[in-house]
Amino acid sequence: MTSEPWIGDAATNDHGGCRYALNEFAAAEDIRRCGAPATVHIMSESAMHGLVSLASCEKHADIARAAGAYVGEHRFGPNCAGVETVFGADGCDVVAESGGAA
Ligand SMILES: [Zn+2]
Ligand SMILES: [Zn+2]
C-alpha cells in the first residue's frame, strides 16, 4: 500500500481525457480511466518518474496536484495532448520542427 496520491501514468500522448485511474492497483492493461474531458494540465515532478505531465478533469485536479512536487498548471488546451510540446505557464507550445542543431 502506498499513501501517496496516485493519478495514473503520464499523459504524454493522450487525447485529452482525464488520466485518473479508478482502480489504481489493477494491472496496467486493466486500469480504467476517469475519461472525463481534461480541463487542467498539471506538471509535477516525481522522484521516480521525473517530470510528469498529468491531464485531469476538475474533479481530480487536486489529486493530480498532490501526486508529486507541484511544478505548474494551465487550462488544458489543444496542444496539451501533443508529444512535441513544451509546458508553459499559459499553455503548451508546440516545438518547432526545425531539426537544427541542439
Ligand atoms: Zn477525472
Ligand atoms: Zn498543457
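## A pairing in the hairpin

S44 has V52 in β2 as its bridge partner. The model is a predicted one, in which local features need pLDDT of at least 70 and side-chain atom pairs count only at pLDDT 80 or more, while totals for chains, interfaces and linings use all residues. Residues are numbered from 1 along each chain as its sequence is written, and chains are lettered from A and ligands numbered from 1 in the order in which they are written.

β1 and β2 run antiparallel and are joined by seven bridges. Another of the facing pairs is S46, which stands opposite G50 in β2. The two strands form a hairpin, with three residues between them. Strands count as paired if DSSP finds at least two bridges between them.

## The sheet

Which strands make up the open sheet, and in what order? Three strands form it, in the order β2-β1-β3, with antiparallel pairing. β2 and β3 stand at the edges with a single partner strand each, so one side of each has no neighbour in the sheet. From one strand to the next, the twist averages 20° (axes are lines fitted to C-alpha atoms, for helices over the stretch in contact, and angles run from 0 to 180 degrees between N-to-C directions).

Six bridges link β1 and β3 in the antiparallel sense. Along this pairing, V40 stands opposite R75 in β3, and M43 faces G72 in β3.

## Overall composition

The chain contains one helix and five strands, running β-β-α-β-β-β from the N terminus on. Helices (H or I, at least four residues) and strands (E, at least two) are DSSP runs, numbered from the N terminus.

Among contacts between residues at least 6 apart in sequence, 42% join residues at least 24 apart; a contact requires C-beta atoms, placed from the backbone, to lie within 7 Å.

## Burial and the nonpolar core

Of the 102 residues in the chain, 25% are buried. A residue is buried if 20 or more other C-beta atoms lie within 10 Å of its own, exposed if 12 or fewer, and partly exposed in between, with C-beta atoms placed from the backbone. β2 is mostly covered, with five of its seven residues buried.

The largest nonpolar core has 16 residues, of which L54 and A55 touch the most other members. β1 (40-46), β2 (50-56) and α1 (61-65) each supply at least two residues of this core, and β2 gives the most, with three. Such a core is a set of buried Ala, Val, Leu, Ile, Met, Phe, Trp, Tyr and Cys residues joined through C-beta atoms within 7 Å.

## Confidence

The pLDDT, the predictor's confidence in each residue from 0 to 100, averages 79 over the chain, and 77% of the residues score at least 70. Confidence is highest in strand β3 (residues 69-75), at a mean of 94, and lowest in strand β4 (residues 85-87), at 83.

Over residues 9-14 the pLDDT is below 50, and beyond near neighbours in sequence this stretch has 15 contacts in the model. Where pLDDT is low, the predicted coordinates should not be read in detail.

How values were computed: Two residues are in contact if their C-beta atoms, placed from the backbone, lie within 7 Å.
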